[in-house]
Amino acid sequence: MRYEVSGTTMQTVGIDLAPGEMIYSQTATMAWMTDGVRMNTHTGGGLLAGLQRSLTGGSFFITELSADRGGHIAFAPRFPGTIMARQLAAGQSLICRKETFLCAEKSVSIEMAWQQRIGAGFFGGAGFILQKVTGPGTVFLDLSGEVVTKQLGAGEKLLVHAGHVGVHEPTVAFDIQMLPGFSNIIFGGEGLFLATLTGPGEVHLQSMPILNLAEEIARYLPGAHTNSANAGNIAGAAAATGVAGAILGSIFGGNN
């Protein structure tokens with residue numbers, strides 16, 4: 001299957017379908033296509049399969065696209081970012097944040113993946129449910145901002161603001177760690193916890209978590225200054241909740 005990723009911060013991926021090739025995508029991601037491309041929208045395996053995708057941040061329905069005489073189709077993400085194409089071998093998997101899957105060859109499967117550690121699920125910023133894509137075939141993933149790839153050796157650790165974790169191999173362990181230092185927690189602006197990624201394996205980090213973008217836009221919306229006054233009232237409760245989270249994370253974080 002031939003494809004080309006175009007653009008910089010607002011990328012698209014154009015795919016040339018040969019006769020007999022099929023690709024599927026989340027709904028509402030197709031940007032344009034040539035005449036003759038067939039679309040078939042369905043649940044992709046029944047009610048349960050649709051519900052599982054919905055829980056991972058995907059769409060309840062999927063759209064399959066094929067062309068008897070060949071054709072061209074392009075997909076565009078909903079947010080500024082980078083489209084990452086990965087050729088997966090049979091049985092090879094990637095663990096992705098919610099809403100990362102864009103489209104893939106028909107042979108690639110997408111399913112739910114669970115955070116293995118209780119602390120990471122509660123306080124890691126990504127929740128318990130993630131996306132897991134498994135080959136064989138080519139998959140296209142949508143990450144926010146630019147992508148930086150790190151290759152971690154066995155036992156090597158990387159501390160990351162949780163929102164910047166985009167995609168990682170299943171061999172990489174994901175946990176949380178409380179930020180050291182009282183002043184760092186209160187005045188550092190990074191929150192209470194950092195994600196701890198432990199190798200071996202490959203990690204793809206995203207430079208602009210969509211939550212950060214939303215917060216910056218919200219500052220300039222009408223009423224933002226009024227609402228900011230309420231943030232101080234919430235901070236005390238949030239800090240107390242975070243401390244309780246740190247205790248729970250330390251208790252349960254080591255249990256798979």
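Partly exposed residues are those whose relative accessible area lies between the buried class, under 20%, and the exposed class, over 50%. The legends below describe close-up views of a predicted model.

**View A. Methionine 39 and the nonpolar surface patch.** Methionine 39 belongs to strand 5, which spans residues 38-42. Together with Met30 and Met33, Met39 forms a nonpolar patch on the surface, and the accessible area of these residues together is about 240 Å².

**View B. Strand 3 and its pairing partners.** Of the 5 residues of strand 3 (residues 22-26), 4 are buried, so the strand is largely enclosed by the rest of the structure. Strand 3 pairs with strand 6 (residues 62-66) in the antiparallel sense over 5 bridges, and methionine 22 has serine 66 of strand 6 as its bridge partner. Strand 3 also runs antiparallel to strand 10 (residues 101-105), to which it is joined by 3 bridges; here tyrosine 24 stands opposite alanine 104 of strand 10.

**View C. The open sheet with strand order 15-18-17.** This open sheet consists of 3 strands in the order 15-18-17, and its pairing is antiparallel. Strand 15 (157-160) and strand 17 (173-178) are the edge strands, each pairing on one side only, and the twist from one strand to the next averages 30°. Between strand 15 and strand 18 (residues 193-198), which run antiparallel, there are 4 bridges, and leucine 159 stands opposite threonine 196 of strand 18.

Conventions: Residues are numbered from 1 along each chain as its sequence is written. This is a predicted model: local features need pLDDT of at least 70, side-chain atom pairs count only at pLDDT 80 or more; totals for chains, interfaces and linings use all residues. Side-chain values use heavy atoms; hydrogens and water are left out. Buried means under 20% relative accessible area, exposed over 50%, partly exposed in between (1.4 Å probe, protein chains only). Helices (H or I, at least four residues) and strands (E, at least two) are DSSP runs, numbered from the N terminus. Two strands pair if DSSP finds at least two bridges between them. Patches are made of residues with over 30% relative accessible area and no salt bridge: like charges are joined within 9 Å, nonpolar side chains (Val, Leu, Ile, Met, Phe, Trp, Tyr) within 5 Å. Accessible areas come from the Shrake-Rupley method with a 1.4 Å probe; for residues, only the protein chains shown count as cover. A salt bridge is a side-chain nitrogen of Lys or Arg within 4 Å of a carboxyl oxygen of Asp or Glu. Axes are lines fitted to C-alpha atoms, for helices over the stretch in contact, and angles run from 0 to 180 degrees between N-to-C directions.
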